[in-house]
Amino acid sequence: MANGVAEIRRGLKAGKFSSVEITQDYLARIALHNPALNCFISVTDEIALAQARQADAALARGESAALTGVPLAHKDLFCTDGVKTSCASRILDNFIAPYDATVIENFKRDGAVMLGKTNMDEFAMGSSNENSYYGCVANPWNTEYVPGGSSGGSAAAVAAGLALGASGTDTGGSIRQPAALCGITGIKPTYGRVSRYGMIAFGSSLDQGGPFARSAEDCALLLQTMSGFDPRDSTSAEQAVPDYGAALGQGIEGLKIGLPQEYFADGLDAGIGAVIENAIEELQKLGAVIVDISLPNTGLSIPTYYVVAMAECSSNLSRFDGVRFGHRCDNPTDLEDLYKRSRGEGFGAEVKRRIMIGSYALSKGYYDAYYLKAQQLRRLIKQDFQQAFDSVDLILGPTTPETAFKIGAKTDDPVSMYLQDIYTISLNLAGLPGMSLPVGFCDGLPVGMQLIGNYFNESGLLNAAHCYQQVSDWHQQIPEAFR
Amino acid sequence: MSLKTDDVRNIAHLARLHIDEADVDKYAADLSSILDLVDQMNQVDSQGVTPLANPLDATQRLRADEVTESDQRDKFQGIAPDVEQGFYRVPKVIE
Amino acid sequence: MSEWESVIGLEIHAQLATRSKIFSGAATAFGAEPNTQACAVDLGMPGVLPVLNREAVTMAIRFGVAIDAEIDHHSVFARKNYFYPDLPKGYQISQYELPIVGKGRIFISPAEGERREIGITRAHLEEDAGKSIHDKFPEQSAIDLNRAGTPLLEIVSEPDMRSAKEAVAYARKIHSLVRYLEICDGNMQEGSFRCDANVSVRPKGQEELGTRAEIKNINSFRFLERAINFEIDRQINLIENREEVVQETRLYDSERDETRSMRSKEEANDYRYFPDPDLLPVAITDEDIAAIRAALPELPEQKKQRYIDQLELSDYNAELLTANRETAAFFETALVSAPGQSAQLANWILGDLTGALNKASLETSESPISPEMLAQLISRITDNTISGKMAKEVFESMWQGEGDADAIIERRGLKQITDSGAIESLIDEVIAANADQVEQFRAGKDKVLGFFVGQVMKQSQGKANPGQVNAMLREKLKT
C-alpha cells in the first residue's frame with residue numbers, strides 16, 4: 001500500500017482510490033493492530049468516514065485543499081469538539097471537549113480525515129508512554145519495548161502504518177524522542193510557530209505542537225497546515241509561514257553543520273554514535289561542511305528544564321479540580337475533600353510528583369533559588385545556541401542517548417527517565433526548532449538523528465532531512481509485523 | 001536537598017492532592033532525588049543574568065475590546081459533574 | 001491612659017468599564033443569567049489561553065497619568081495560585097513585581113479648607129473572580145462565573161490615613177476620579193467599586209506600625225467609615241486589656257455593625273506567584289503614555305481651580321461641585337444657558353437640587369430638572385420675572401414634571417408685577433383703607449411698614465415685586 005502523504009494525495013486527486021477506501025483501510029488496520037500496540041485511546045470511525053465522504057465529494061467537484069481526504073491521527077491532548085480528549089488521564093476520562101484546538105481547526109480546514117486520538121504519557125509527562133491511564137503503548141519494532149514519549153501513540157501509529165501522519169506535542173522532546181525510538185520523522189517547530197490554543201498545557205513556555213510522518217516531505221506538508229499566527233494565543237508568532245514544500249530539494253552543498261562536543265560525550269551509547277557517524281558521512285557526501293562546536297551549558301538543561309516545566313505544570317493543572325469538568329470523587333464531605341480526592345484519584349503518580357515539585361519550587365522562600373535561577377540559566381542555554389548559530393547553519397547530534405528500552409526498565413527511577421531527554425530539552429528551553437529522522441538501527445531498534453535549526457528555520461531542517469532521505473531508505477522501513 | 005514526610009504532606013495539601021499515607025515515604029524519596037537533580041543548577045553562577053520567561057523575548061499583543069463570545073452554557077455545563085439552575089455546585093463553603 | 005493614633009491604608013478594586021473581559025471576548029454586562037457570560041477562557045477549560053484587552057491597559061494608564069504616577073514601560077502579569085471554586089483556573093492572573101502603575105499621589109479635603117496628600121503605592125491590573133452564593137441550595141454553594149475575568153484595577157494606597165473620615169475622603173476621591181476618567185461606573189451595590197481597609201493602631205508618637213487587620217466586604221462609604229471606627233475601637237480595647245491584635249482578614253457585617261475574623265482565609269497564604277507564561281511582558285512606549293495623557297478629560301483638581309479662578313466660586317462650593325463628574329457637568333451645561341450666573345447656579349445645584357435628589361435617591365443624571373431648565377429658572381429670577389420665593393414654587397413644579405419654568409410661570413400666572421403704576425394704585429388703595437396705621441407710621445413706628453408691605457402683597461396675590469413695593473411704600477408714607 002501507499003504509505004506517504006504526498007503519494008496518497010496524488011492518488012486521491014487522480015481518482016486512483018477514494019478517501020473512503022483508504023480511510024476504511026486504515027480503520028481496518030487499526031482494528032487489527034491496535035489491541036497489540038494500544039496507540040489509540042479513541043478511534044473515531046464515524047467521524048473519519050463522514051470526513052472521508054466529504055473529502056471525496058470535494059475531490060469530485062475538483063476542490064481540494066492541502067490535505068483533502070488524508071487520514072491522520074491526533075495526540076489526545078488536542079481538544080476536539082464533541083470528542084473525548086483525555087490527555088491519557090483519569091481526570092479527563094469523561095471529558096468531551098467543547099471546542100476544537102486551532103491545530104484541529106486547521107486540519108479540518110485543509111480537509112484532513114481524523115482516524116482517532118492517540119495514546120500518550122499522562123498530560124505529556126513522560127518519555128516512555130508508561131504514564132498513561134490507558135496503559136503503555138508498544139513499540140512496533142519490538143512490542144516489549146517502549147515507543148518513547150510523551151507522544152508515543154502518535155509515533156507508534158505512524159510507524160506501524162495505522163495512520164499516514166499524526167500530530168504530537170513536544171515540551172522536552174515528546175515529538176523527537178518517540179520519532180527516534182519508532183524509526184520515523186518528526187519535527188518540533190520554533191516556539192510560537194504552531195498555535196497552542198486548545199493544546200492542553202503542560203509547560204506553557206516550552207510546549208509546541210508538530211507533526212509525525214515517515215518522511216521530511218510529509219512532515220513539511222503537515223507542518224504547513226499546523227503552522228500560522230493565531231490571535232487566540234498570545235505567544236503565537238506573527239510571522240509569515242514560508243512554503244515548506246518549496247524549500248525541499250534545494251540541496252545542502254556548502255551547508256555548515258555543527259557537531260556539539262557535549263552531544264557525543266559520555267552517556268551516548270556507542271552503537272548509536274556509530275550510526276550517527278555514518279549519517280554524517282552521507283551528509284558530507286552531499287556537500288555539507290562539518291564544524292565542531294560547543295554548547296557548554298548542555299549539562300544544565302535537565303535541572304533547568306525540570307524546574308521550569310514542573311513549576312508551570314503545577315499551576316496549569318490546578319484547573320482540574322472536579323468543579324466544572326472532568327473527574328469528581330464520589331460523595332465529597334466538603335470542598336477540601338472534593339479537591340483532594342478528585343485530584344488524588346484523577347492524576348497518576350508522575351503527574352503528582354511533578355505538581356508537588358513545581359508547587360514546592362514556587363513556594364515562599366524557594367522561588368529565587370529555583371524558578372528565578374532556572375529562568376536565568378535558560379538565558380545562558382539560549383545564548384549557547386545563538387553563539388553557535390553565528391558560525392553554523394544547522395546543529396546535528398543523536399536524538400536520544402539510547403535506543404528504546406524495555407517496558408518497565410526505568411519506571412522505578414524517575415530521574416533516570418528524565419535523563420533520556422538530555423539532547424532534546426535544551427531546544428525547548430531556547431525555543432528552537434528541531435527534528436528527528438531515522439538513520440539506522442542498533443540491535444534491531446531504530447536510531448534517530450536530531451537536526452537543530454535557528455529560529456523559524458524549519459525550512460532548513462526539512463530540506464537537509466529531505467536531502468538525506470533522497471539517498472537513504474531508513475524512513476521507509478516498516479516493522480515486519482505491520483507490512 | 002531532602003524532603004521529610006511532613007514536607008510532602010504540606011506540599012500535597014498546598015497542591016490539593018490526596019496522597020495515601022502508605023505512599024508518603026516513597027514520595028519523599030522520589031521528590032528528594034528530583035531535588036538533588038535540580039540542585040545541579042547551583043554549579044553555575046548566574047548572578048546578573050536577565051531571566052528568560054519567553055524563548056522569543058517577545059512582547060504582549062493586545063486585543064481590541066470587542067465582545068466575540070456568545071452564550072454556550074448548555075454545552076459547557078453538559079460536561080460538568082454537578083449543575084443546577086445554571087449554577088455549578090460544590091459542597092457548601094462556610095466563610 | 002495613652003493616646004492612640006490609627007493608621008489606615010486602602011486597597012480599592014475598581015472594575016474597569018470595558019465591553020469585554022480582560023482576557024476573553026465574553027461580555028462584562030452586569031446581571032445576566034448565571035454562567036451565560038462565562039466563555040471557555042473564563043471557565044478555565046483545558047487548553048484555552050488568555051489574550052489581553054487593549055482597553056484595560058489604556059484605562060489603567062489613564063488612571064496612572066491622572067495620579068501623577070510612574071508608568072512602567074515594561075509590565076508583567078503573574079499568576080496568583082490558590083484553590084477556590086469561584087476561581088476557575090486555580091490561579092488569578094494579576095500583577096506582582098512589575099505593576100502597570102507605580103507610585104503616585106492624590107489630594108483629599110477631609111474637612112473644609114483642609115488638604116492632605118495621600119500616597120498611592122501602586123495600581124495593577126487583574127481579573128475578577130466569579131461569585132459563590134451560599135444560600136441558594138441547602139447543602140451546596142452555587143457558583144456563577146459571569147464575573148470571572150472582568151478587568152479590575154487594584155489601587156493600593158500608602159498607610160497615610162489617620163482616621164475613618166480621611167479614609168472615606170480618600171475613597172470618595174478615588175471614586176470620583178475613576179468616574180471622571182470614565183474607566184469605572186463606580187456602582188458599589190453591583191460591586192464595581194470595592195474597598196478593603198488595612199487598619200492598625202499605635203500610641204501617638206510611635207514610629208513603628210502596630211499589627212494590622214484587613215477588613216473586607218465593605219460595599220458603601222458609610223460602612224467603610226463604620227467598619228474602620230469599629231475596628232479602631234476593637235484594637236484599642238484589645239491593647240488596653242493587654243491582649244494582642246492578630247494579623248488577619250476580617251469581614252465587616254453591616255447588619256451587626258461589627259468586624260469578625262474570617263477563619264476560612266486564615267491559613268497561611270502561599271500564593272506561589274510567578275510570571276504567567278501564557279502572557280508576555282506588556283511594552284508601553286512614551287508615545288502611548290503621551291497620547292493617553294493628551295486625551296485625558298479635565299480632572300477634578302484642575303476643574304476646581306478653574307471654578308475658583310475664573311468663575312469666582314468659593315473653595316468650598318468649587319470642591320462640592322467638582323466632587324463628581326455628573327454634578328460638574330450639570331453645572332457647566334446650565335452655565336452655558338445662564339452665562340455669568342455661576343454663584344446662583346452653584347447655590348441652587350448644591351442646595352435645592354442636591355436636596356431633592358438625595359430625598360428621592362436619584363443620581364444627578366436622573367434628575368427630572370435638566371440643566372437648561374434650572375438655567376431658565378435662574379434667568380427669570382435675575383430678570384425680575386419672578387421672586388426668589390416664586391422660584392421655589394416653580395422649582396417644585398418643575399420637579400413634579402409640570403414643564404419648564406416659563407411654561408409654569410405662564411400657566412400659574414406667577415409673573416411679578418413690576419409696573420410701578422400698577423403697584424402705585426395698589427399702594428394707594430391700601431393707604432386709603434388704613435388711616436390709623438398711616439398715623440402710627442408717621443408718628444415714628446417704623447414696624448408698621450411691614451404691615452403695609454403685607455397688605456400690598458396680599459392685594460397683588462403675591463405677585464408684586466417685593467423690593468419695589470417696599471421702596472415705593474416708604475416714599476408714599478413719608479408724604
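Chains B and C in a predicted model

User: In this predicted model, how many residues does each chain bring to the contact between chain B and chain C?
Analyst: The model is predicted. Both chains contribute to this contact. The count is 30 residues from chain B and 41 residues from chain C.

User: Which element of chain B gives the largest share of the side that touches chain C?
Analyst: On that side, at least two residues each come from strand 1 (62–63), helix 3 (73–77) and strand 3 (87–91) of chain B. The largest share is five residues. Those five belong to strand 3 of chain B.

User: How do the residues on that side of chain B divide into nonpolar, polar and charged?
Analyst: Six of the residues on the side of chain B that touches chain C are polar. The others divide into 11 charged and 13 nonpolar.

User: Which residue of chain C is the bridge partner of B:R63?
Analyst: Strand 1 of chain B and strand 2 (residues 52–53) of chain C run parallel and are joined by two bridges. B:R63 has its bridge partner in strand 2 of chain C. That partner is C:N53.

User: In what order do the elements of chain B run from the N terminus on?
Analyst: Chain B has three helices and three strands. From the N terminus on, the order is α-α-β-α-β-β.

User: Is C:D270 buried, exposed or partly exposed, and why?
Analyst: C:D270 sits in the loop between strand 14 (258–261) and strand 15 (274–275) of chain C. A buried residue needs 20 or more other C-beta atoms within 10 Å, and an exposed one has 12 or fewer. Because C:D270 has 15 within 10 Å, C:D270 is partly exposed.

User: Which residues are in contact with C:D270, leaving aside its neighbours within four places in sequence?
Analyst: Within chain C, C:K80 is 190 residues away from C:D270 in sequence, with 9.0 Å between their C-alpha atoms. Contact requires C-beta atoms within 7 Å. The residues in contact with C:D270 are A:S363, A:K364 and B:L14.

User: What distance separates the centres of domain 1 and domain 3 of chain C?
Analyst: The domain assignment of chain C gives domain 1 (4–291), domain 2 (298–412) and domain 3 (420–478). Taken over C-alpha atoms, the centres of domain 1 and domain 3 of chain C are separated by 67 Å.

Technical notes
Residues numbered from 1 in each chain as written. Chains lettered and ligands numbered in written order. Predicted model: local features only at pLDDT ≥ 70, side-chain atom pairs only at ≥ 80, totals over all residues. Domains from an automatic or database assignment. Contact = placed C-beta atoms within 7 Å. Helix = DSSP H or I, 4+ residues; strand = E, 2+ residues; numbered from the N terminus. Nonpolar A, V, L, I, M, F, W, Y, C, P; charged D, E, K, R; others polar. Pairing = 2+ DSSP bridges.
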